[in-house]
Amino acid sequence: MLISKLIPEMLHSSVESLGRTKKLTRVLIVETKWWHNAVVYQIYPRSFADANGDGIGDLAGIIGKLDYLQTLGINVIWLSPVFRSPMDDHGYDISDYCDIAPEFGTLAEMEALIAEAARRDIRILMDLVVNHTSDEHPWFIEARKSRDNPYRDYYIWRAPRTDGSAPDEQRSNFGGSAWEFDATTGEYFFHLFSKRQPDLNWANPQVQQEVHQMMNWWLDKGIGGFRMDVIDLIGKEVDRGITTNGPHLHQLLQEMNAATFGERDVLTVGETWGVTPEIARLYSEPARRELSMVFQFEHITLTWDQQDGKWTPRAFDLREFKGVIGKWQSALGDTGWNSLFWNNHDLPRAVSSYGDPGRYRVESAKMLATALHFLKGTPYIYQGEEIGMTNVRFESVEDYQDAESLGLYRERTLAGVSHEAMMEGIYANSRGNARTPMQWDASENAGFSHAEPWMKVNPNYREINVATALDDPGSILHHYRVLIRLRKERPVIVHGDYRPLFDEHPQLFAYERRLGDQRLVVINNFSGQPVALELPASLRGLAGESLVSNYGPRNVLGQHLTLQPYESFAIALDTQTT
Ligand code: TEU
Ligand code: CA
């Protein structure tokens with residue numbers, strides 16, 4: 001479907017009398033895509049729902065919860081990896097891209113999930129992990145047999161330095177060197193993550209063809225698209241120390257687009273830690289035929305220490321945050337497309353990082369949802385976010401069951417960081433916080449499994465769980481249902497321009513959305529204190545329809561507003577009064 005947008009907005013009347021538009025500026029014709037008003041729900045299969053009682057979540061468990069997800073209203077599931085894997089990085093180390101890990105189920109069950117989801121208008125995004133494979137993938141098993149093995153060049157091998165040491169000082173994201181010595185062939189192979197995740201050599205056309213073929217194999221099964229793992233690393237040029245945004249990256253993506261999903265109406269979202277607004281436009285500008293959108297992490301790393309990264313948490317500064325969001329909203333306002341998220345399987349729980357997991361857990365979780373879901377872009381909900389699940393303070397780092405947390409704990413405590421300081425980093429930002437089993441009800445193991453779960457359940461599950469939330473009309477869960485419904489009903493939420501309000505305010509994140517004569521105002525108190533707000537003349541006295549709020553409905557913008565702790569509301573202004 002096409003919609004036309006005038007900048008500034010005098011919508012339909014001008015289109016008829018095009019003659020006159022010249023003086024009004026330009027007309028923007030936007031081809032809307034099904035995913036423009038989609039809401040995506042991310043599932044981390046290991047921790048979602050265990051149907052066969054082995055303590056590990058599985059595909060049958062997900063199929064059993066599709067009615068729940070339909071109730072929530074989401075129409076896309078991003079499924080973290082379910083492929084055959086030795087699980088060194090819980091599935092982000094794949095040994096067979098065209099088969100399902102037995103602990104998750106079978107190919108038939110995967111096909112059933114795709115079909116059962118489609119019956120509920122839900123599409124499935126598969127997680128495409130092709131920056132690296134598992135060291136148990138047949139390609140790598142062959143490659144390390146000999147230097148002239150036909151699969152050798154599927155990976156990145158280099159000779160040791162004269163003293164036998166690694167070719168250079170490049171580091172793995174999981175700690176230690178990015179080079180691992182292979183005694184059989186006397187060379188080092190490159191791995192940006194664990195040494196059991198050797199990086200693929202994307203300069204090799206055979207690697208490109210193999211991956212394209214595999215992608216088409218899944219697309220032929222009717223999936224809704226791909227989430228692409230660390231996709232901005234595949235253009236790396238190791239000898240030049242370039243890993244992110246390599247010179248041939250966009251060409252590789254355009255070739256991938258043309259060879260696989262380009263002609264199919266699917267959603268593709270790239271995980272790109274190294275992206276900037278300018279580069280994001282390259283990825284998501286439709287005419288460039290690369291991706292639908294990317295995940296940028298600039299709003300996430302705001303609470304990371306510049307030097308130590310996430311292991312030394314930094315206080316959240318709302319003005320910095322608003323600066324980043326404003327930049328991305330306007331940079332991809334008319335070209336390209338934003339993704340919107342607070343958390344995922346690698347990040348801590350939203351309400352613990354940006355809200356209040358204690359006294360105002362419900363109010364702040366609703367505020368965070370409203371603040372994000374009225375922005376321009378595609379929202380992503382991470383499993384458990386819709387019931388306000390929190391971070392967890394486990395005794396030992398082992399309980400977080402995470403290769404990255406374990407690797408960095410060892411590396412940093414060996415380098416002299418105290419156990420206490422490192423555990424503060426773990427409590428705040430370990431990926432394990434996101435991976436505790438989903439809390440379905442107050443029964444044993446939170447209704448996740450009849451057996452002891454692979455990872456300890458967050459002890460607050462008796463209070464925080466889906467069953468309780470479903471029974472409580474005032475719950476965070478029902479708040480998300482309203483937000484998801486509104487996005488489907490109101491084009492202004494999908495296509496409206498973003499206009500920041502009160503940018504300098506230290507506690508309030510507020511903005512407008514405008515599309516033709518449709519006008520929304522969204523105001524969010526990010527603090528646990530009441531905030532008095534003097535409204536500017538342009539907003540004073542305007543009335544409208546209260547769309548959503550976490551305290552009482554508000555349908556008029558008086559002169560003064562006193563916002564309660566974490567208060568948040570959105571109002572659709574009456575066109576007459578604006
Ligand atoms: O994550 C990429 C990645 O860089 C993050 O792991 C990052 O290091 C860190 O967690 C930031 O908090 C992707 C997947 O999302 C992650 O689960 C995998 O472990 C990783 O790639 C390797 O596949
Ligand atoms: Ca299971």
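**Close-up views of a predicted model**

**View 1. The largest pocket holds about 830 Å³ of space.** A pocket here is an open set of points on a 1 Å grid over the protein atoms alone, where a 1.4 Å probe fits, with protein on both sides within 12 Å along at least five of seven lines. The volume is the space filled by probe spheres set on the points. Two elements, β15 (309–313) and α13 (403–414), each give two or more residues to the lining; helices (H or I, at least four residues) and strands (E, at least two) are DSSP runs. The lining counts 32 residues, each with an atom within 4 Å of a point, and N173, F174, F193, W273 and E404 lie nearest the centre.

This is a predicted model, in which local features need pLDDT of at least 70 and side-chain atom pairs count only at pLDDT 80 or more, while totals for chains, interfaces and linings use all residues. Residues are numbered from 1 along each chain as its sequence is written, chains are lettered from A and ligands numbered from 1 in the order in which they are written, and side-chain values use heavy atoms, leaving out hydrogens and water.

**View 2. Five residues coordinate the calcium ion (ligand 2).** Look for D50 (OD), N52 (OD1), D54 (OD), I56 (O) and D58 (OD), at 2.2 to 2.3 Å. Donors are N, O and S atoms within 2.8 Å of the metal (3.2 Å for Na, K and Ca). D58 is buried at 3% relative accessible area, and I56 is buried at 15%; buried means under 20% with a 1.4 Å probe, protein chains only.

**View 3. Helix α12 (residues 361–373) is largely enclosed by the rest of the structure, because 11 of its 13 residues are buried.** Among them are R361, K366 and H373.

Notes
Buried < 20%, exposed > 50% of the residue type's maximum accessible area, 1.4 Å probe, protein only.
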